[in-house]
Amino acid sequence: MSSGADAGTAAAAPASSPLHNRAFLALLLYRICAGLSYQIVAVTVGWHIYTITRDPFALGLVGLAEIVPYFCVAPFAGYLVDHLRRRTLGALAGLGLMVTALALAAIAHTALGESATWPIYAAIALTGMVRAFLTPVYNALFARVLPREQFVRGASFGSVVFQASLVIGPALGGVLVGWAGVAEAYAVAGAFGAAAAVAVYRLRVTEPPLLLQRAPVFASIHEGLRFVFGNQIMLGAMALDMFSVLLGGAVSMLPAFIREILHWGPEGLGILRAMPAAGSICVALWLARHPLEKHAGRVLMFAVAGFGLCTIAFGLSRHFWLSAAILVLYGMCDGVSVVMRSTILQLATPDDMRGRVSSINGIFIGSSNELGAFYDGTMARLLGLVPAVVLGGCVTLGVVAITAVRAPRLRRLDLRELQ
């Protein structure tokens with residue numbers, strides 16, 4: 001399978017760093033600008049909604065307003081990315097982020113933004129639809145700007161940029177809301193969306209020719225599903241990541257742990273929320289300099305098992321800084337999983353199916369955080385806070401064991417076999 005990388009953009013020697021590739025740097029700029037726009041809106045809209053309603057349930061509706069349109073659009077987004085110009089779709093997605101943010105800024109400036117919430121939810125629904133295009137476009141263009149020999153290191157750098165947006169975006173959004181106001185924070189998010197659109201549209205890359213004879217939409221989507229479910233390595237990596245986050249994630253319960261167990265204030269919550277991303281960034285930077293190829297499957301299994309053990313340790317910890325250190329390790333284990341899954345996705349997917357496969361991956365992974373938060377909250381109500389988190393970590397270990405038995409090709413994976 002050829003990566004299709006343009007000779008002009010991938011002329012560097014295979015041993016050189018992907019960071020010497022200008023097209024790849026432009027793609028990373030697109031990713032971080034889109035991520036910052038999305039994260040600033042996510043933080044600001046939560047504050048905006050809660051200021052109006054003073055109702056925690058209204059915050060839950062924000063996630064619902066986004067995830068339902070995302071699920072509806074994601075399969076078709078993958079189809080479009082495989083059949084239309086990817087740079088154009090990426091630019092339209094960036095402009096969609098901009099329009100959403102500016103619409104929210106306009107709502108915040110009117111009397112409607114002080115009383116009614118439905119226009120805010122409508123704007124967030126648009127964000128959910130736009131979000132369905134962001135990762136498929138990135139993954140499809142990733143394979144056009146880098147040669148296959150650089151996919152492993154490139155995936156690590158991409159993970160660094162993504163995790164950086166998870167740290168910087170919420171912090172910047174909070175500062176902007178406190179310093180300038182809600183509308184101004186939305187406006188800055190709109191500027192980042194516009195920057196993402198410009199970065200991807202000006203990307204110099206040779207795209208595959210448009211298909212004159214296109215398969216029917218649903219048949220094409222079914223082809224992508226059949227490919228994923230028929231590939232033991234890819235399906236195993238996706239399922240392992242999804243169920244570990246769904247069942248073993250502890251981040252959604254941090255506000256309760258801060259108040260009930262660790263007895264810190266909101267500043268402690270901010271510190272703990274940043275720790276997993278800090279750990280992920282560290283391990284992604286290390287993997288960028290020391291690409292993992294040999295025994296990759298075993299390392300992935302051990303990393304997810306470490307994720308489960310860290311979840312158990314966090315649930316049992318009663319000291320703030322010990323909990324913070326555990327969350328750094330938690331993020332490092334998760335970072336290995338993210339980089340490995342991204343690399344497998346890039347290496348194992350044919351170029352003409354990258355959009356559809358990436359969308360299926362997004363449905364697997366994109367739902368796990370929201371559904372995981374619901375699962376964690378339900379189990380905490382039934383069992384208590386600490387038992388629920390500890391049980392989640394134990395179940396994650398069980399998922400690893402089952403995957404190791406049922407997906408032997410993933411367990412024995414050597415990435416050099418896919419290159």
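Visitor: What counts as a helix here, and how are helices numbered?
Guide: A helix is a DSSP run of H or I spanning at least four residues, and numbering starts from the N terminus. The model itself is predicted.

Visitor: Which helix holds R341?
Guide: R341 belongs to helix α12, which covers residues 320-348.

Visitor: Is R341 buried or exposed?
Guide: R341 is buried, because its relative accessible area is 10% and buried means under 20%.

Visitor: And what does R341 touch?
Guide: Leaving aside residues up to four places away in sequence, R341 touches A237, M238, D241, N361 and I365.

Visitor: Changing topic, at what angle do α4 and α5 pack?
Guide: Helix α4 (residues 118-145) and helix α5 (residues 151-179) pack at about 145°, and their axes are 11 Å apart. The crossing of α4 past α5 is right-handed.

Visitor: Which residues make that contact?
Guide: From α4 come Y138, F142 and A143, while α5 supplies F151, G154, A155 and G158. Five of the contact residues are nonpolar, two are polar and none is charged.

Visitor: Which residues touch the most other members of the largest nonpolar core?
Guide: That core has 70 residues, and those touching the most other members are F24, L27, Y30, V145, L410 and L415. Its largest share, 11 residues, comes from α4.

Visitor: What are the neighbours that F24 touches?
Guide: With residues up to four places away in sequence not counted, F24 touches P18, L19, Y138, F142, V145, L146, G154 and F157.

Technical notes. Residues are numbered from 1 along each chain as its sequence is written. This is a predicted model: local features need pLDDT of at least 70, side-chain atom pairs count only at pLDDT 80 or more; totals for chains, interfaces and linings use all residues. Side-chain values use heavy atoms; hydrogens and water are left out. Axes are lines fitted to C-alpha atoms, for helices over the stretch in contact, and angles run from 0 to 180 degrees between N-to-C directions. Helices (H or I, at least four residues) and strands (E, at least two) are DSSP runs, numbered from the N terminus. A crossing is left-handed if the near helix is turned anticlockwise from the far one by less than a right angle, and right-handed if clockwise. Contact means heavy atoms within 4.5 Å. Ala, Val, Leu, Ile, Met, Phe, Trp, Tyr, Cys and Pro count as nonpolar, Asp, Glu, Lys and Arg as charged, and the others, Gly among them, as polar. A nonpolar core is a set of buried Ala, Val, Leu, Ile, Met, Phe, Trp, Tyr and Cys residues joined through side-chain atoms within 4.5 Å. Buried means under 20% relative accessible area, exposed over 50%, partly exposed in between (1.4 Å probe, protein chains only).
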